[in-house]
Amino acid sequence: MTENTIEVKNLVKTFGKFRAVDDISFYIPQGEIFGLLGPNGAGKTTTIRMLIGLLRPDSGSAHVLGFDVRKKPEEVKKRIGYMSQKFSLYNDLTVRENLDFYAAIYNNMPFRQRRERVDEMLEMVELGHIQRSQTRSLSGAWRQRLALACAIIHRPKMLFLDEATAGVDPVARRQFWDLIYRLASEGISVLATTHYMDEADYCNTIAMMYQGRLISLASPDTIKESLPGTLLQIDLGDPLEAQKVLINDPRVLNVSIQGMQLHVTVKKESDINAIQRLLNKANLPPNTIEIIQPSLEDAFTSLVSQQRVLDQ
Ligand SMILES: Nc1ncnc2c1ncn2[C@@H]1O[C@H](COP(=O)(O)OP(=O)(O)OP(=O)(O)O)[C@@H](O)[C@H]1O
Ligand SMILES: [Mg+2]
């Protein structure tokens, strides 16, 4: 048995000639929340499918809770919890019946223990008051909490969340993450994928995946600090036109449009007045230019665009 809940070394998965997962390595210590981020098609779900014993790796190794996923996929499946965006709940069962059903299929607990565990889960996800309601009548946020309870009813030590919060409102997402934090503090390790950058900040470590490869593996703070250059937030009337002007300037490392504003990374020591003059000359005078601290979204946009340049 290893100390880390997950150990992945040089893992590769190809579909035909296409390398969906290309030589990735990482580990997840017990009780850690590990975020796997990346654009669509980066290889996140394929990685998870290998780690939960559903897909056989081509090469490299992956151990989950001490078991080799290649040699002992069934041992892995029994011990992990898995929740995806398309979680399956039985609509014609009540909330309580769904939990009871999952408790029954995961292990053959005696009836009384099963009832206690279902009660414990209803309390944890705060759905006791609607335990007799039909699942089809639940809101998105309640369905999601029920799905989480079903995914952990058998007390897994490792929980996989693949876009488990997609389509749920921000308040519900926050409540969901509070639950995840609680599980992690009880020693459960979590691997989560998400496209919501605010959620990445909840993770202890973030792995950024791009075209099957890991292009960054660090804590959220380290990632923000490692952003090269100085980040400017520019408020102006036509961000799209301004982006075209700025991207060709040698001082500019990266430009992204965030909401109605431009986030521009310029080389350190760049003259900000010169950027202002450039925009004035192009007839795109900025309302304001200010230096800001990068968010994770800035850091990732910058990482991916650096990678695109390297790949060209
Ligand atoms: N069974 C398969 N056969 C062929 N190609 C596949 C298969 N499964 C995944 N792929 C391809 O592998 C790549 C990675 O897919 P994957 O689903 O792992 O990405 P992802 O990072 O989870 O993306 P998303 O954020 O959209 O969920 C994609 O190009 C996808 O089309
Ligand atoms: Mg996916």
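Reply: Happy to! One term to start with: two residues are in contact if their C-beta atoms, placed from the backbone, lie within 7 Å. Keep in mind that this is a predicted model.

Me: Good to know. So which residues of α5 meet α6?
Reply: On the α5 side they are Ala-141, Gln-144, Arg-145 and Leu-148, and they meet Ala-172, Phe-176 and Leu-179 in α6.

Me: And at what angle do α5 and α6 pack?
Reply: The angle is about 15°, and the axes are 10 Å apart. Helix α6 covers residues 170-185. Angles under 35 degrees count as roughly parallel, so α5 and α6 are roughly parallel to each other. The crossing of α5 past α6 is right-handed.

Me: What classes of residue make the contact of α5 with α6?
Reply: There are five nonpolar residues, one polar and one charged.

Me: Let's move to α3. How do the axes of α3 and α5 cross?
Reply: They cross at roughly 25° and come within 9 Å, with α3 spanning residues 95-106 and α5 residues 140-151. That angle makes α3 roughly parallel to α5. This crossing is right-handed.

Me: Which residues make the contact?
Reply: From α3 you have Val-95, Asn-98, Leu-99 and Tyr-102, and from α5 Leu-146, Ala-149 and Cys-150. By class, six residues in the contact of α3 with α5 are nonpolar and one is polar, with no charged ones.

Me: Now α3 and α4: at what angle do they cross?
Reply: At roughly 130°, with the axes coming within 10 Å; α4 is the helix of residues 111-124. They are therefore oblique to each other. Helix α3 passes α4 in a right-handed crossing.

Me: Who's involved in the contact there, on α3 and on α4?
Reply: On α3 it is Arg-96, Leu-99, Asp-100, Ala-103 and Ala-104, and on α4 it is Arg-114, Arg-117, Val-118, Met-121 and Leu-122. The contact of α3 with α4 has six nonpolar and four charged residues, and no polar ones.

Me: Changing topic, what surrounds ligand 1?
Reply: Its surroundings are Phe-15, Ala-20, Gly-38, Asn-40, Gly-41, Ala-42, Gly-43, Lys-44, Thr-45 and Thr-46. By class, this shell has three nonpolar, six polar and one charged residues.

Me: Which helix gives the largest share of that shell?
Reply: That's α1, residues 44-51, which supplies three residues of the shell around ligand 1.

Technical notes:
Residues numbered from 1 in each chain as written. Chains lettered and ligands numbered in written order. Predicted model: local features only at pLDDT ≥ 70, side-chain atom pairs only at ≥ 80, totals over all residues. Axes fitted to C-alpha atoms, helices over the stretch in contact; angles between N-to-C directions. Helix = DSSP H or I, 4+ residues; strand = E, 2+ residues; numbered from the N terminus. Parallel < 35°, antiparallel > 145°, perpendicular 65-115°, else oblique. Left-handed = near helix turned anticlockwise from the far one by under 90°. Nonpolar A, V, L, I, M, F, W, Y, C, P; charged D, E, K, R; others polar. Near = placed C-beta within 6 Å.
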